Amino acid sequence: MARLRSFQRLAAHFVDIADFLLVYIEEAHPSDGWVSSDAAYNIPKHQCLQDRLRAAQLMREGAPDCPLAVDTMDNASSAAYGAYFERLYIIQEEKVMYQGGRGPEGYKISELRSWLDQYKTRLQSPGTVVIQV
């Protein structure tokens with residue numbers, strides 16, 4: 001949940017230049033599977049989409065201002081983005097501009113912040129034209 005709060009703060013800081021989306025994928029440490037000793041919640045393996053939607057509401061509580069999507073039961077988003085357990089991406093004009101490492105070890109909000117800081121600087125540089133449609 002601490003990572004989620006960090007993500008929420010990052011999203012609030014860069015709301016003027018980026019849209020943020022959380023995607024809830026399959027549970028990394030289900031209570032009826034590979035249980036983590038520091039798990040904040042008791043969430044069993046999702047048996048149906050309704051299970052996943054209920055579990056996703058806990059994520060919403062951690063970042064209430066971020067839009068939330070839920071992966072399909074065949075884990076299409078997780079497979080497409082290699083997101084299991086967690087991962088950060090920046091997608092711009094349908095192109096992956098930043099791909100963070102796989103979490104938990106590769107989940108580095110500081111790298112995402114650095115990319116967004118550099119992007120914001122480029123947007124504010126003289127000679128840069130930003131057209132909003």
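Predicted model: local features only at pLDDT ≥ 70, side-chain atom pairs only at ≥ 80, totals over all residues.
Among the elements of the chain, helix 1, residues 2-13, has the lowest mean pLDDT, at 89, while strand 2, residues 68-70, has the highest, at 95.

Let me begin with the charged side chains, where the count comes to 3 salt bridges. In one of them Glu86 is paired with Arg3, and the closest N and O atoms are 2.3 Å apart. This pair links distant parts of the chain, since Glu86 sits in the loop between helix 3 and strand 3, whereas Arg3 belongs to helix 1, 83 residues away. Both partners are partly exposed, Glu86 with a relative accessible area of 24% and Arg3 with 36%.

Another salt bridge joins Asp16 to Lys120, with 3.1 Å between the closest N and O atoms. Asp16 lies in the loop between helix 1 and strand 1 and Lys120 lies in helix 4, so this pair ties together parts that are 104 residues apart in sequence. Lys120 counts as buried, at 18% relative accessibility, because the cut-off for that word is under 20%.

What separates Arg54 and Asp51 along helix 2? They are 3 residues apart, about one turn of the helix, and their side chains meet in a salt bridge at 2.5 Å, N to O. Arg54 is exposed, with a relative accessible area of 53%.

Turning to the rings, the structure holds 3 aromatic pairs. One of these is the edge-to-face pair of Tyr81 and Tyr89, with 5.0 Å centre to centre and 75° between the planes; Tyr81 is partly exposed at 36%, and so is Tyr89 at 22%. Trp115 and Tyr119, by contrast, are stacked, at 5.3 Å centre to centre with 20° between the planes. These two residues are 4 apart in helix 4, residues 109-124, and are therefore separated by about one helical turn. Trp115 is buried at 15% relative accessibility, as is Tyr119 at 18%. Arg122 lies over the face of Trp115, 5.8 Å from the ring centre.

Conventions:
Residues numbered from 1 in each chain as written. Heavy atoms only, no water. Phe/Tyr/Trp six-rings, centres within 6.5 Å; stacked < 30°, edge-to-face > 60°. Buried < 20%, exposed > 50% of the residue type's maximum accessible area, 1.4 Å probe, protein only. Lys NZ or Arg CZ within 6 Å of the ring centre and 35° of its normal. pLDDT = per-residue confidence, 0-100. Salt bridge = Lys/Arg side-chain N within 4 Å of Asp/Glu carboxyl O.
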